[in-house]
Amino acid sequence: MIRVALIGNPNVGKSLIFNNLTGGRAHVGNWPGKTVERKVGRCVHRGVEMEIVDLPGVYSLTARSIDELIARNFIVEEKPDVVVDIVDASNLERNLYLTIQLLELEANVVVALNKWDIAGDLGYEIDVKELSRLLGVPIVPTIATTQEGMEELKDAILRAAREGKRARHTIVDYGRKAEALIGRIEETIRRDPELSRRYPTRWLAIRLLEGDEDALEKVKTSPLKDEILGGLE
Amino acid sequence: MLIPMAMLPEGKEAVIVDVKAGRGLTRRLYELGFVRGERVRVLRAGFGPILVEVKGSRMALGWGVAMKVLVADYDGEGIPGGCGGSRGVRLDKGCVDRESKRR
């Protein structure tokens with residue numbers, strides 16, 4: 001069974017795509033200990049069963065709000081086979097911010113370029129092939145309201161699950177000075193087998209430099225804690 | 001003239017020139033799209049939370065938070081006092097340096 005997570009900004013048609021994929025049958029509950037709805041559904045495509053988890057709609061993955069923390073922890077800790085990032089094609093600039101964060105998390109991302117019709121009505125011409133090349137992930141244009149692109153999306157999910165994680169490539173270059181620092185901290189993190197098994201090392205290094213509290217919490221138990229934190233000075 | 005976003009009248013369009021907040025809030029506002037050089041439009045004003053349109057989304061901001069976002073009249077030209085020369089979200093070098101100095 002393939003484990004798929006759906007993520008995206010608020011109001012991108014995430015729930016509609018969830019319903020399209022699962023046929024509207026979902027198990028609804030709460031995330032443990034949180035009053036945030038957790039929806040899980042199933043779907044069988046070409047004989048392969050998929051479990052689809054709907055993550056809260058978020059603008060970023062900074063772990064500052066409970067929604068963001070849930071979404072981020074699910075991706076980091078549960079490591080779903082595929083993360084479908086639903087992007088509002090009529091508002092690319094805002095939406096791609098989350099996409100970049102997912103790529104830094106080294107998730108196995110498939111982008112659904114939803115509201116494709118609205119983008120067209122607005123006169124936007126999106127070069128899907130080039131965008132896919134720049135981001136290094138498959139992209140499927142979709143119109144959730146008319147279910148267009150759903151079969152293609154499911155195919156893309158299957159393909160991504162089969163191919164597994166792509167080779168990571170640096171999406172954002174933070175500049176010479178910051179990159180040197182990131183590299184040094186990452187080097188230290190790599191020497192802790194437990195940390196480097198659980199978390200993408202570059203991602204963790206960047207979050208630590210940002211002073212991200214959740215990330216600082218994660219390295220607290222590491223035997224190399226002092227050396228890692230020392231590197232931040 | 002710079003005024004806090006909370007003071008903008010309804011329907012008024014303006015450009016963000018600066019965000020005068022601590023690191024955490026600055027970061028949060030930046031994630032929501034409130035970055036230097038970005039255009040905003042106030043949909044609902046008054047005392048208490050305001051509703052603003054930014055980057056194609058509507059956001060409700062607490063009045064105190066909206067006071068920390070400084071804006072200037074949008075005249076369709078460059079940004080007065082901003083470090084970006086033109087409209088857009090690119091993080092200009094000056095902005096990035098400022099951010100990192102704060103650390």
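This is a predicted model: local features need pLDDT of at least 70, side-chain atom pairs count only at pLDDT 80 or more; totals for chains, interfaces and linings use all residues.
**Chain B, layout.** I went through the elements next and found three helices and six strands in chain B. Read from the N terminus, they run β-β-α-β-β-β-α-β-α. I also checked how far apart in sequence the contacts reach. Taking contacts in chain B between residues at least 6 apart, 60% join residues at least 24 apart.

**Chain B, sheet.** I traced the strand order and got E1-E6-E2-E3-E4-E5, an open sheet of six strands with antiparallel pairing. At the edges sit E1 (3-4) and E5 (57-61) of chain B, each of which pairs on one side only. I then zoomed in on E3 (residues 39-44) and E4 (residues 50-54) of chain B, antiparallel strands joined by four bridges. For Val40(B), the bridge partner in E4(B) turned out to be Val54(B).

**Chain B, confidence.** Which element of chain B has the lowest confidence, and which the highest? Helix H3 (residues 93-102) is lowest, at a mean pLDDT of 37, while E4(B) is highest at 95. The average for chain B is 78, and 72% of the residues score at least 70. I flagged residues 78-103 of chain B, where pLDDT stays under 50. For that stretch the model has 32 contacts beyond four places in sequence.

**Chain A, around E4.** Over to chain A, where I followed strand E4 (residues 48-54). Strand E1 (residues 2-8) of chain A runs parallel to E4(A), with five bridges between the two. Strand E3 (residues 37-45) of chain A is antiparallel to E4(A) and is joined to it by seven bridges. I picked Ile52(A) in E4(A) to see the pairing residue by residue. Ile52(A) is the bridge partner of Val4(A), and Gly41(A) also has Ile52(A) as its bridge partner. I looked at the turn as well: E3(A) and E4(A) make a hairpin with two residues between them. Arg46(A) lies in that turn and has a positive phi of about 50°.

Conventions:
Residues are numbered from 1 along each chain as its sequence is written. Chains are lettered from A and ligands numbered from 1 in the order in which they are written. Two strands pair if DSSP finds at least two bridges between them. Two residues are in contact if their C-beta atoms, placed from the backbone, lie within 7 Å. pLDDT is the predictor's confidence in each residue, from 0 to 100.
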